[in-house]
Amino acid sequence: MGMGGISIWQLLIILAIVIMLFGTKRLRTLGSDLGSAVKGFRKTMQDDGTADTGAEKDSPAEPAASAEKDK
């Protein structure tokens, strides 16, 4: 028994129908577009996380650097 009462055979039939409707080329491009979107989202989330910690690290150093410029 598969997920929620759906057997593996029913999933295979659904997969075959989807492939017949959309074609393998269209599904491949859809998959690559979805993958690149997820990759971009993860990169943005990591950049936001490092930007926040990077800003905190740079903040204490900035007043010291501006104090040295004043001398």
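**View 1. The chain folds into two helices and zero strands.** Helices (H or I, at least four residues) and strands (E, at least two) are DSSP runs, numbered from the N terminus. The model is predicted: local features need pLDDT of at least 70, side-chain atom pairs count only at pLDDT 80 or more, and totals for chains, interfaces and linings use all residues. Residues are numbered from 1 along each chain as its sequence is written, and side-chain values use heavy atoms, with hydrogens and water left out.

View 2. Of the 71 residues, 0% are buried (under 20% relative accessible area; exposed is over 50%, partly exposed in between).

**View 3. Helix α1 and its end.** Helix α1 covers residues 8-22. Its 15 residues should span 21 Å at 1.5 Å a residue, and the end C-alpha atoms are 21 Å apart, so the two values agree. The expected span is 1.5 Å times one less than the number of residues.

**View 4. Ile8 in helix α1.** Ile8 counts as exposed because its relative accessibility is 53%.

**View 5. Ser36 in helix α2.** Helix α2 spans residues 24-70. Ser36 has 46% relative accessibility, so Ser36 counts as partly exposed. A polar atom of the Ser36 side chain lies 2.9 Å from the backbone oxygen of Asp33.

Conventions
Buried < 20%, exposed > 50% of the residue type's maximum accessible area, 1.4 Å probe, protein only. Polar contact = N/O pair within 3.5 Å; in protein donor to acceptor, adjacent residues only side chain to side chain.
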